[in-house]
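Colleague: Thanks for making time for this one. Could we go through the model together?

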Amino acid sequence: MVIKGAVFDFGGVIMSYGAIKDLFIDLAHQLGVEPKVFFEKRKEVWDLFAEDKRLMCGQISAEEFEEGDFLKAINTVFGKNHTEPLRWLGKLTAPGFIQYNEIMLTFIKTLRENGVKTGLLTNNFFIDKERKLESTPVDRALFDAVVESRLEGIEKPDQKIYELCHSRVVAAAPEIERSEVIFFDDMETNCEAANEFGWRAIHVGKDPKEAILQAIELIRHENDLHLEIET
Ligand SMILES: [Mg+2]
């Protein structure tokens, strides 16, 4: 079985989360708590939204979320009484702040040059109420298939979104089987769901190079591709 397709998550794979700590320190300052306290208790806030699909499924924008339920939740957990929204969700991908895993972008280009079909599969959200700002700033021309949760109303790890993405990859190259697609994601649950779907998931940890090396190993073993990539 050769590898004919490669699908990539955005946050934590193409985009680095290296700057997220600074973003949370900024949020702690806006909130008026010590960063240490914020880091200790933030899970309590996140847990409140664990089952809430509205943001990633495009029903509400980040601005609406920050003004509504997020403000309420963060006030409750930290014992505050803010009336103005604390802005943070749009900052990570803002021009000048966003950091890319450049090696991942190079890898995507290299795969394409070697005839591998590429896909982008991201759980993302609308930033502004007008739904005009870009929350996934990456050149779409790098991909044969693009699936964004905010536009589809479904999110990973729902099997339906893998099906949708695979159908778009297949539209680019009809002969591709599920087992011929590798998938990169930084969330274990999304990787497990992808494996269940029949793709071959590669988990991306703190160092994206490790995932790339793992993929190269698999591809070299199974394909007759010559991947020259500086790792
Ligand atoms: Mg991710």
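Colleague: Which domains does the domain assignment of the chain give?

Modeller: This is a predicted model, where local features need pLDDT of at least 70, side-chain atom pairs count only at pLDDT 80 or more, and totals for chains, interfaces and linings use all residues. Residues are numbered from 1 along each chain as its sequence is written. The bounds come from an automatic or database domain assignment. That assignment gives domain 1 (5–17 + 98–222) and domain 2 (20–78).

Colleague: How many residues of domain 1 are in contact with domain 2?

Modeller: The C-alpha centres of the two domains lie 26 Å apart. Contact here asks for C-beta atoms, placed from the backbone, within 7 Å. On the domain 2 side 10 residues take part, and on the domain 1 side the number is 15.

Colleague: Which residues touch the most other members of the largest nonpolar core?

Modeller: Such a core is a set of buried Ala, Val, Leu, Ile, Met, Phe, Trp, Tyr and Cys residues joined through C-beta atoms within 7 Å. Buried means 20 or more other C-beta atoms within 10 Å of a residue's own, exposed means 12 or fewer, and partly exposed is in between, with C-beta atoms placed from the backbone. The largest core has 37 residues, and those touching the most other members are V7 and F183.

Colleague: At what angle do helix α2 and helix α4 pack?

Modeller: Helices are DSSP runs (H or I, at least four residues), as strands are (E, at least two), numbered from the N terminus. Axes are lines fitted to C-alpha atoms, for helices over the stretch in contact, and angles run from 0 to 180 degrees between N-to-C directions. With α2 at residues 35–48 and α4 at residues 69–78, the axes are 10 Å apart and the angle is about 145°.

Colleague: Which residues of α2 and α4 make the contact?

Modeller: From α4 come A73, I74, V77 and F78. The α2 side consists of K41, E44, V45 and L48.

Colleague: Why does K129 count as partly exposed?

Modeller: K129 lies in the loop between β2 (117–122) and β3 (145–148), and touches S61, E63 and E64, not counting residues up to four places away in sequence. K129 counts as partly exposed because its C-beta neighbours inside 10 Å number 13.

Colleague: Which residues does a cis peptide bond join?

Modeller: Most peptide bonds are trans. P157 sits in the loop between α6 (149–152) and α7 (159–172). With omega about 10°, the cis bond joins K156 and P157.

How values were computed: Two residues are in contact if their C-beta atoms, placed from the backbone, lie within 7 Å.
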